[in-house]
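Me: I would like to learn how to read an interface between two chains. Please take me through one example.

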Amino acid sequence: MATGQPGASSGLDRFDRTRVTVAVGPLVGPVLARVVGIHAARADLPLDRLNDAVLVADAIAARAPAFAMDERLPVSVQSGAGRLELRIGPLRPGGGRLVIEGAALPNVGSVIERLADTVRVRDGGGGGEYLVIRIDATLEPEAER
Amino acid sequence: MPMPVPELEITLPARAENVAVIRHVLGGVGDVLALHPEVLCDVKLAVSEACANAVVHAYAEGQPGLLDVELSTSPEQLEIVVRDHGRGMMPRADSPGLGVGLPLMAGLSESLELTNRSDGGTEVRMCFATREPGVPLAAPGRAGSGR
């Protein structure tokens, strides 16, 4: 599990990200799925990986609100050619790992870890943490990750 | 009725392709709120127009900028604020638009408020009635009368 300031190593430009803050409640799932889906399409992810990205968004929508601060879930999305990065948080301390573990299925493991290329929890400072998930056009075999 | 803290806030680059992101998200909001298709259509069109105005007019050619969209709901109303951080509203002799945007937004929404923000940029605040078109607001004191 990597730690560090969110975004510090990824060279992200604030004019190149979509930031969504949604109140914990019924809007979380539909909004996240749509934002992630449209960015995955824009990133030219193949259909199977686009579906994977939306599944990851659904898993986040189901688990992350329980660890949101102030009853609001912030998520930022950045897409580039063949890749998509989601940054969820700040979440309450320990929330990042619990979101990942909470998305586990029997005999499958965490859906998030299985479908994403990289999953990291980063310290956000100020007592919060960020779950950072990257989905590429091609999922690397697990042994190579 | 005062609106609470926005239930949804989106900040994204003020680029043409991102108007589609907002429209797509509004579709999801419409599903959750069970908006009548006609109302949702009006909301999408008016908000798209406000976002497109921000994309086209707010920032100088080649200058990057951001577009904020906030959404709040109350039992009978949907309030959407579209905000940019650009140069504010000003007459443009070279405007590429037809000039129908503001009348369109005014016609589709229950109320429309445009503000030149003191810290720069423009804010468009629109309210939409979430009830089915043609259904009047319940008269105060008449609810539960059994009729």
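Me: How much area is buried between chain B and chain A, and what part of it do carbon and sulfur atoms give?

Reply: The size of an interface is often given as the accessible area lost when the parts come together. In this predicted model, about 1,800 Å² is buried between chain B and chain A, and carbon and sulfur atoms give 64% of that area. On the side of chain B, B:Glu7, B:His24 and B:Val32 lose the most area to chain A, together 24% of what that side buries.

Me: How many residues of each chain are in contact?

Reply: Chain B puts 25 residues in contact with 20 residues of chain A.

Me: How many salt bridges and how many residue pairs in polar contact are there between chain B and chain A?

Reply: The two chains share 3 salt bridges. One salt bridge joins the side chains of A:Arg34 and B:Asp31, at 3.0 Å from N to O.

Me: Which elements of chain B give two or more residues to the side that touches chain A?

Reply: They are strand E1 (8–13), helix H1 (16–33) and strand E2 (66–74) of chain B. H1(B) gives the most, with 11 residues. By class, that side of chain B has 14 nonpolar, 6 polar and 5 charged residues.

Me: In which sense do E1 of chain A and E1(B) pair, parallel or antiparallel?

Reply: Strand E1 of chain A, residues 18–23, pairs with E1(B) in the antiparallel sense over 4 bridges. Within this pairing, A:Arg19 stands opposite B:Thr11 of E1(B).

Terms used:
Residues are numbered from 1 along each chain as its sequence is written. Chains are lettered from A and ligands numbered from 1 in the order in which they are written. This is a predicted model: local features need pLDDT of at least 70, side-chain atom pairs count only at pLDDT 80 or more; totals for chains, interfaces and linings use all residues. Side-chain values use heavy atoms; hydrogens and water are left out. Contact means heavy atoms within 4.5 Å. Buried area is the accessible area (1.4 Å probe) that two parts lose on being put together, summed over both. A salt bridge is a side-chain nitrogen of Lys or Arg within 4 Å of a carboxyl oxygen of Asp or Glu. Ala, Val, Leu, Ile, Met, Phe, Trp, Tyr, Cys and Pro count as nonpolar, Asp, Glu, Lys and Arg as charged, and the others, Gly among them, as polar. Two strands pair if DSSP finds at least two bridges between them.
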